[in-house]
Amino acid sequence: MRRNLLVAQSGGPSAAINATLAGVIAAARKSDKVGRVYGAKHGIEGVIKGLLVDLSGFTDYEKLKATPAMALGSCRYKLPPVSDPAAEDYLRIRETLRKYEIGTFVYIGGNDSMDTVRKLSELFAGEADAPVVVGAPKTIDNDLPLTDHTPGYGSAAKYLAVTMGEIIRDTSIYAVPAVTIVEIMGRNAGWLTLAAALPRFVGGAKPDIVAIPEVPFDENEFLRKVQEAHRRSPNVVAVVSEGIRDKSGTYVGSQTKSGVVDTFGHTYLSGVGKYLECLVTEKIGCKVRSIELNLMQRCSSHLASFQDLEEGFAIGQESVAAALRGESGKMVAVQRLSNTPYAIRLNTVEVADVANREQLVPEKWWDLEDAGVQAEICRYILPLIKGEVPQFKNEFGLNDYIIFE
């Protein structure tokens, strides 16, 4: 009997998450084991509230792939423990899945979204004709364990590398001593900051300073490096992760942060760039500015990576295939086979080994002054940012996107 498929998106946006959505829809519509295809608005909250849209007739996959952020909307919603299966959230989820005759549920997201996949797969475990629940990875932070990388990272990395190159050119034109500090997303993982350092790692001179969260940050050492760099060039450029911490584990500039946490207990991070700007102003006294790239690095589709979106689409397809094989409680993962030529293989891993866990930059890459380390980082990142994505324009020459109402 053909049963219906439900797909939803969750967490922060990216330039590639809709490519994964497109892959899910395409694979589901092609399968003779799937009836109708539904999308939940605003993630698991939409499932709880019964906010579903019928995607069964959708075919504009290329335009959807080129659409940034989430065409179905998103949420950051934490389900209660599975130890309380009679919780109202679970009762409503069951009601929605029964009403729409859902046999497969694909949830696209990052660490916290995989927590939702884990809980639902545990909830339905052992039940006859229960829905199969599969996770499809997404996060620009690239911090999911058991996968070589995640869709969204390649495009964010490309945006950061290109933008940093432009910032470096902008700051190079004056002879007046100055410092430019660029704050990069990534929370506790420095993968995006490494991408922002690509202009230097591929053979350039800048950025002069690169600070990732995995390496304890010392303010005095930072100031020393600024002064040392000034002896080489009047214009110093530093890239720092939003999540850098001192040797005690305290976020640098924590007094400038809001202290607000999300439903999963994550602190909202930002402001370290401004904090370091004030520090340089006070201790060195030269011209200084900080730049927080903020939302732009998440889903700038005009700089999306073709490779990233193609892999996102393939992961969407494989998530459906895994679900139809009955692999509930699994997440699709990327295994890198080769850098030259670049080759990958998709497999599945236990979502319980991914949910609420982080994959940080390995210790072997912490010495960012080492030429061998820089070369290895380039071999890892550069294949992920290859290729340009066709853009769809409206009558005004602006990008035209798909949003499911």
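Seven strands build an open sheet of mixed pairing, in the order S3-S2-S1-S4-S5-S10-S11. Two strands count as paired if DSSP finds at least two bridges between them. Strands (E, at least two residues) and helices (H or I, at least four) are DSSP runs, numbered from the N terminus. The edges of this sheet are strand S3 (52-54) and strand S11 (342-350), and each pairs on one side only. Direction ignored, neighbouring strands here are turned by 30° against each other on average.

The model is predicted: local features need pLDDT of at least 70 and side-chain atom pairs count only at pLDDT 80 or more, while totals for chains, interfaces and linings use all residues. Residues are numbered from 1 along each chain as its sequence is written, and side-chain values use heavy atoms, with hydrogens and water left out.

Contact means heavy atoms within 4.5 Å.

How many of the residues of strand S4 (residues 102-109) are buried? Eight of the eight are, so S4 is largely enclosed by the rest of the structure. Buried means under 20% relative accessible area, exposed means over 50%, and partly exposed lies in between (1.4 Å probe, protein chains only).

S4 has partners in S1 and S5. Strand S1 (residues 3-9) runs parallel to S4, and six bridges join them. Ala 8 has Tyr 107 in S4 as its bridge partner. S4 also pairs with strand S5 (residues 132-137), again in the parallel sense, over six bridges. Thr 104 stands opposite Val 132 in S5. From S4 the chain crosses through helix H5 (residues 111-124) to S5, a right-handed β-α-β crossover. Right-handed means that, with the strands pointing away from the viewer, the path from the first strand over the helix to the second runs clockwise. Val 106 is bridged to Val 134 in S5.

H5 also meets another helix. The axes of helix H4 (residues 88-99) and H5 come within 12 Å and cross at roughly 75°. That makes H4 roughly perpendicular to H5. The term covers 65 to 115 degrees; under 35 is roughly parallel, over 145 roughly antiparallel and the rest oblique. From H4, Tyr 90, Ile 93, Arg 94 and Leu 97 meet Lys 119, Leu 120, Leu 123 and Phe 124 of H5. Six of the residues in this contact are nonpolar, none is polar and two are charged. Here Ala, Val, Leu, Ile, Met, Phe, Trp, Tyr, Cys and Pro count as nonpolar, Asp, Glu, Lys and Arg as charged, and the others, Gly among them, as polar.

### The four-stranded sheet

Another open sheet has four strands in the order S7-S8-S6-S9, with parallel pairing. Strand S7 (209-211) and strand S9 (287-292) are its edges, each pairing on one side only. Neighbouring strands are turned by 15° against each other on average, direction ignored.

Helix H6 (residues 153-171) packs on this sheet. H6 touches strand S6 (178-184), S8 and S9, and its direction makes about 165° with that of S6.

The table sets out the pairings here.

| Strands | Sense | Bridges | Facing residues |
|---|---|---|---|
| S7 and S8 (residues 235-241) | parallel | three | Ala 211 and Val 240 |
| S6 and S8 | parallel | seven | Val 182 and Val 239 |
| S6 and S9 | parallel | six | Val 179 and Val 288 |

S6 is mostly covered, with seven of its seven residues buried. Both faces are covered. Ala 178, Thr 180, Val 182 and Ile 184 lie on one side, and Val 179, Ile 181 and Glu 183 on the other.

### Two single residues

Ala 195 lies in helix H7 (residues 191-196). Its relative accessibility is 0%, so Ala 195 counts as buried. Not counting residues up to four places away in sequence, Ala 195 touches Tyr 153, Ala 157, Ala 161 and Ile 381.

Asn 294 is found in the loop between S9 and helix H11 (306-324). Is Asn 294 buried or partly exposed? Asn 294 counts as partly exposed, at 28% relative accessibility. Asn 294 and Gly 273 are 21 residues apart along the chain, and their C-alpha atoms are separated by 11 Å.

How values were computed. Axes fitted to C-alpha atoms, helices over the stretch in contact; angles between N-to-C directions.
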